[in-house]
Structures are given as C-alpha cells and as structure tokens.
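Please view the sequence and the model together, and then follow the sections below.

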Amino acid sequence: MVTEDILLFTIKYLKLFILFFLIKYNMSKTIILDCPQSKAIQVNNNGDYKVVINDVNTKLTNGSTLSVKNAFIDTTSVQQDKIVIDENIDLVFNIGKYAKNYEITDKNYFTADAASKPDGRNYLLCNYFSTGPDPGGGFSDLYEYVEKLNFAIDAAGLQVWGGTHWTFEYLDMSTGAKLNKSFPIPEFVPGSSVDNYTIKNLKIGIVKGSLQSLTKKGTKNTEFTGADFGKVPATKQMVNAIIEPLTVPLDAGVYDPAQLALTITTALSNNNADKEFTTLIDSKFLGLTDNLVANYVLVNDDASQAYDYTTSGKNYYIGASQVELLFNPESSQFYWNFLHFPYYDAGTGTNISVGYLADASGTNFVAGVNCGVFFSHLGAFKRGSTTEIFDFWTAKLGFDITSEGLCPNINKLQGKNITGIGDCEVATVDLTISTNITNGFAGLDTVVKKGTTVYQEPTIPFDSTIGELTDPIYAETSISSLGLASSHLLLEVTANFQNDLRTSETKKTNIASIISRYYGYENFTSDEGETIVFQHQGEDVFLKEIGIRILNPDFTLANVGDKNHIYLQIQQ
C-alpha cells in the first residue's frame, strides 16, 4: 500500500509539474498546411491559384505565427514556350516609312544630277515646313529641341542603380502627333563614384512644353531630374521624318508564342478601309503618295539627294504591304519577317522577286523592296494608362528596342539645300537590313538568270523570283532564357497575411517568402533559409481559402509550370 500511495503521489505531482511547465514555457503546437496547385479549386494561371483548407478548426490565435515551411516551384522548361501576359495592355508603335530609289522615271529630284539616278538607296519619308515667321527675328515660340536628359540617384547610400529604360512622351514638332521614345540608362554599382547620368546630343524637335516623363520616379534607384532644351530659329526651314503613332490592344492571357505572333500580326495587317471604299487604304503602315501633304519629300541617309512624285501626276504606294511577326520554334525566337512592300518582277508584276539593277552611270545594285516601314519606338502600357509602362517587347519577346537595335534614332543634318531653300535642317535615319528593316533575300539562286537557257550569264538589269524568302529581324534573346534572368522569386500568400515589402516605388503586402533561384534541382526551385513570419494579434481568425501567387521581383506573374507545391506552417 505504501508503494501504491507513493506512486499515486508521484503521478499527482508529476501532472502538476507538467501543467506548470506548459504554463511557464508556453509549449506550442505546430500545424502544417498543404497547398499544392494540383489540389487548387481555382487556377488563374500557373503559379496563381487558390486552395481550400477543409479543417474548419484551422485558425490563427492571438500570438500565433504563420510562415512558409517549404516552397517547391516548378521552373520546368515546359512552360518556357508559354508567354504570360497577366493584365490587359496596349502596344504602342511609332512608325516611319521609306522607299527604295530604283526607278529613274516619274520623279522630281530636288538636288544633284537626276541623270545618275536611281542609286538603290533607302529614302526616308519626310515633310518640310518653316518654324516662323517671327516678327522679332528671334527664336520660335512654338517649338524647341530636347538636347539632353539628366538623371540622378533617387536615394542616399551606395546602391546599384540604373540598368533600366526611361520612356518619354511628346508632341512631334512637324506633325503634332503624340509620340513616345525610350532611352536606356546603364547600370552603375557601388564604388563607381557616379551619382548622375546625362543622355546628350538628342536634337528631338517637339512642340514647346510637351515633354513628359512616363517612367515612374525612383525606377531602379534612378530619378529623372530634368531636360536641357535648345532653341529653334523662328524662320528655320525644317525637313522632318513623318512618324505616325499606333496603339493596339492586347488582352491578358497565357499565349502560345506562335499564337501571340499571329494575334499581333493580324492586328497590324488590318486594313480599316470602309466597306463603300471611299477610302481605299486606312493603315498606319501603308499609304498612297496622293494622300500625303503637299510638301512631302523623300531623303536619303546623308541628305545628298531628295525627290517626290508630284510632277508625274501618278499615285504610288509608300510603306509596307505586308507586316508579319513570326516565332521560330527551333531557336525559340520571335522575328519580324515582313516590314516591307516586296519588289515584284518587271515581266508579270506578280512574283515577289529581287531586282539586279543599274543606275544611269552603270553602277549595279540590288533592290529587294519597293518600300517599307521601320519603328522609331516600340512600347507598351497597362490598358487605359499612358504612364504605367509594361515591359513587353524586351521582357516578353526578347527584342532589343534601343537605337542600336530595332528602333533607330532620327538624326539631324544642318546646312542642307533640300527644298530649294538653303540652310535646311534635314532628318535622316540609318536603316540596316535585319537590324531595323526587312528585305527580300538575295541568295545564291537569285544570281541565276531564269529563262530559256538556264546557264545564261546574268545581265544587268534583271529580276529573279525567290518566293517569299526575306532577310528578317530576329529578337536578340530567345524566350527560353527569358524569365530566368532574375536571381529570385517572390511568394505571395493571401490568408490574413499582412507584411509589407517596400521598394523605391511601391509597397507590397502579402509577400511571405523571397526564394533564391540558387537552390534548384532539375526543374524545381525550393525555398531555403528564413521566410517572412507573420504574427497574429487579436481575435481568432479561421483559415478557409488561401491564395498563392509566384511572382518575379517586379511583382509580375512568374513564368512557371503547374507542379508548384507550397507548405505553410502555423505555430500556436
């Protein structure tokens, strides 16, 4: 009996000790929540889904914490052939036109000797006008030049800054059209002793006071601090490129690349001419010379020659009869296949050809196009906005849209005599095949003169049929490598989870984990290290639905597969 009493006494006091220990040290309870995409009740896109917690007793109590236990992100290459556009956007194009000078007739040459022409060069479509008169003989009250753009660090401290693009909007000096232009800002790192950056020698003619910065202040620690403007002489004769703006809506969705290319091609190739044909052509890409302003002119790239068609009384096409964006699945690259009006053989005028021609002096050249278009700017905005920029052409399609790539600069040459008046300022552009313009392909077979004698040596001029082969413009980057350039991913959890992730531009709630891409195995990236812990205060909150989103560092939806698996942990 003594032994039994001792045992009961021991058990009694052991219970009291355990109760005291639990009270004193607040022993916690751990709950693991399984949140795989495969069990989601709603999947908006891969990496954007919602799961339901069936246990009605799952709750956050006062003082309990919610954190990410593990995250396994499906970064499989299967999804690299899909392009995620996670919101409705508007694509923006600034379009210029040019013509290939290969016909000697039906032209009114403004300068030089017409007898030695054509020269086979590309001629930029321009108009000319005077900025005056000004009775005071001073500078124009209507126009000005953007000469420089100035940038600085937006925040104190040694931070990496730059490595971004800054976009501006303005009214074009000669046409009054609202145009956009982007400028790259190089990346500077701590210790570089660089605290400002200036883009110089721009010479962009604008309607006075119309320059507006569209990029948000503080982008990648960079701040736009202002522009330097130059004065335009009041009586100056200007020859300016005719650049037309176009906006095309693109809906949010997960696109197959070929489907996305077709969607854009269809929109750009559309002829909006009305059904009664009062207007034969209604497109920013193709026009007729009769519909141009009376004072238009076509100018070559060094402003040594210019012409128009006004004396002939004939109507000519100007621009691109075909606009085609395609996707190459072998290289995973987008490319512009057609941005031109093809050259057709002289015999029937029906076959797309390459012409081997000669000017009046006997100099030979190749004509692969009649005329065509180029882009002086490509951009995108969130639908309905003119200031919220969406990185589409580079981040999604891989194109280099700088002046060294797809979007050439419009240059200014002084002291020219293009329009019969001395000291003109003339716009020129450097157009390069497969960099910023497309062209009919002049391959080996095109040097074979087809006819009754297959082995006949060609004479100049002659036309060679090549079908629809072109010299296209390929995107600089394959989409298979896009979306993998960032060092990490963000995990957003919507479940009474209210942390703040703050950047130089914005504040983002609900970020639960920052996931390094370093910890990867085969096609998966896993969450390693500390997560962001949320501690609940107040009344109990029951968890029923949990939203999961896997984001890029810029908060756009990441391009991931469908085998994502997230484990959350509640510590009570």
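How many salt bridges does the count come to?

## Salt bridges

The count comes to 14 salt bridges, a salt bridge being a side-chain nitrogen of Lys or Arg within 4 Å of a carboxyl oxygen of Asp or Glu. This is a predicted model, in which local features need pLDDT of at least 70 and side-chain atom pairs count only at pLDDT 80 or more, whereas totals for chains, interfaces and linings use all residues. Residues are numbered from 1 along each chain as its sequence is written, and side-chain values use heavy atoms, with hydrogens and water left out.

One of the salt bridges joins Glu 545 and Lys 50, with 3.8 Å from N to O. This pair links distant parts of the chain, since Glu 545 lies in strand β43 (residues 545-551) and Lys 50 in strand β3 (residues 48-52), 495 residues apart. Helices (H or I, at least four residues) and strands (E, at least two) are DSSP runs, numbered from the N terminus. Glu 545 is partly exposed at 39% relative accessibility, and Lys 50 is partly exposed at 28%; buried means under 20% relative accessible area, exposed over 50%, and partly exposed in between (1.4 Å probe, protein chains only).

## Further charged pairs

Glu 87 and Lys 382 also form a salt bridge, their closest N and O atoms being 4.0 Å apart. Glu 87 belongs to the loop between β6 (83-85) and β7 (89-100), while Lys 382 belongs to strand β28 (residues 369-382), so that the pair links distant parts of the chain, 295 residues apart. The relative accessible area of Glu 87 is 27%, which makes this residue partly exposed; Lys 382, at 26%, is partly exposed.

The side chains of Glu 244 and Lys 97 meet in a salt bridge at 2.6 Å, N to O. Because Glu 244 lies in strand β18 (residues 243-250) and Lys 97 in strand β7, this pair ties together parts that are 147 residues apart in sequence. Glu 244 is partly exposed, with a relative accessible area of 24%, whereas Lys 97 is buried at 6%.

## Aromatic rings

A pair of aromatic rings is described by the distance of the centres and the angle of the planes. Rings of Phe, Tyr and Trp (its six-membered ring) pair if their centres lie within 6.5 Å; planes under 30 degrees apart count as stacked, over 60 as edge-to-face and the rest as tilted. By this rule there are 22 aromatic pairs. In one of them, the rings of Phe 151 and Phe 224 have centres 5.6 Å apart and planes at 55°, so the pair is tilted. Phe 151 is in strand β10 (residues 139-153) and Phe 224 in strand β16 (residues 222-233), 73 residues apart. Phe 151 is buried at 1% relative accessibility, whereas Phe 224 is partly exposed at 22%.

Ring pairs also link Phe 93, Phe 285, Trp 336, Phe 375, Phe 392, Trp 393 and Phe 399 into a cluster. Lys 203 lies over the face of Tyr 145, at 4.4 Å from the ring centre; a charge sits over a ring if NZ of Lys or CZ of Arg is within 6 Å of the ring centre and within 35 degrees of the ring normal.

## Nonpolar cores

A nonpolar core is a set of buried Ala, Val, Leu, Ile, Met, Phe, Trp, Tyr and Cys residues joined through side-chain atoms within 4.5 Å. The largest has 37 residues, of which Phe 93, Phe 334, Trp 336 and Phe 392 touch the most other members. At least two residues of this core come from each of β6, β7, β18, α2 (257-269), β24 (322-328), β25 (333-344) and β28.

A second, separate core has 34 residues, including Cys 126, Phe 151, Tyr 170 and Val 299.

## Two serines in loops

Ser 174 is found in the loop between β11 (164-171) and β12 (178-185), and is buried, with a relative accessible area of 16%. Beyond its neighbours within four places in sequence, Ser 174 is in contact (heavy atoms within 4.5 Å) with Asn 127, Phe 129, Asn 240 and Ala 241.

Ser 434 is placed in the loop between β30 (424-429) and β31 (439-440). This residue is partly exposed, with a relative accessible area of 34%. Not counting residues up to four places away in sequence, Ser 434 touches Asp 471, Pro 472 and Ile 473.
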